[in-house]
Amino acid sequence: MKVSVDRDLCYGSAECVHRAPEVFAFVDGFGVVRPGRDQTGEDPEILEAVEKCPSQAISITEAPRSAPDRP
Ligand code: SF4
């Protein structure tokens, strides 16, 4: 899974940082995904951060699959 924050929606409540500090940081008044931490499994703390974000700014999407090998 890939986690991201839409900065246009984020209003800086810091809920995500409080709930999953190893993945989210607070920078310039916004929640951001820490560098290199955007790929994740189904971590309950991250899912809770998504659920509790008051502006629904956090998205989780499936990581792109690698293309199949061609013969
Ligand atoms: S919880 Fe949502 S609104 Fe609050 S800082 Fe994180 S992304 Fe922004």
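# A guided tour of the predicted chain

Read along the sequence, the protein chain follows the pattern β-α-β-β-α-β, with two helices and four strands. Helices (H or I, at least four residues) and strands (E, at least two) are DSSP runs, numbered from the N terminus. This is a predicted model, in which local features need pLDDT of at least 70 and side-chain atom pairs count only at pLDDT 80 or more, while totals for chains, interfaces and linings use all residues. Residues are numbered from 1 along each chain as its sequence is written, and side-chain values use heavy atoms, with hydrogens and water left out.

**The whole chain.** Display every residue to begin. Of the 71 residues of the protein chain, 24% count as buried; buried means under 20% relative accessible area, exposed over 50%, and partly exposed in between (1.4 Å probe, protein chains only). Among contacts (heavy atoms within 4.5 Å) with a separation of 6 or more, 59% join residues 24 or more positions apart.

Select residues 24-27, strand β2, and residues 30-33, strand β3, which pair in the antiparallel sense over four bridges. Two strands pair if DSSP finds at least two bridges between them. Phe24 stands opposite Val33 in β3. Two residues lie between the strands of this hairpin, where Asp28 takes a positive phi near 55°. Now colour β3 by face: Gly31 and Val33 are on the covered face, Phe30 and Val32 on the uncovered one. In a regular strand the side chains alternate between the two faces of the sheet.

**The core.** Which residues form the largest nonpolar core? Select Val3, Cys10, Cys16, Ala20, Val23, Phe24, Val33, Ile46, Ala49, Cys53, Ala57 and Ile58, 12 residues in total. A nonpolar core is a set of buried Ala, Val, Leu, Ile, Met, Phe, Trp, Tyr and Cys residues joined through side-chain atoms within 4.5 Å. Centre the view on Ile58: not counting residues up to four places away in sequence, Ile58 touches Val3, Ser4, Val5, Cys16, Phe24, Ala49, Val50 and Cys53.

Cys16 counts as buried because its relative accessibility is 9%, and Cys53 is buried at 13%. The structure holds zero disulfides, a disulfide being a pair of cysteine sulfur atoms within 2.5 Å. Cys16 and Cys53 are, with Cys10, Ser13 and Ala14, the residues nearest the centre of the largest cavity, which is lined by 14 residues. On a 1 Å grid over the protein atoms alone, a cavity is a set of points where a 1.4 Å probe fits but cannot get out, and lining residues have an atom within 4 Å of a point. About 90 Å³ of space lies in this cavity; grid points are joined across faces, edges and corners, and a volume is the space filled by probe spheres set on the points.

**Two last stops.** Finally, select Glu51 in helix α2, which counts as exposed at 61% relative accessibility. Glu51 and Cys16 are 35 residues apart in sequence and 9.5 Å apart in space, C-alpha to C-alpha.

Notes. 1 Å grid on protein atoms, 1.4 Å probe; cavity = no way out; pocket = protein on both sides within 12 Å on 5 of 7 lines; lining within 4 Å.
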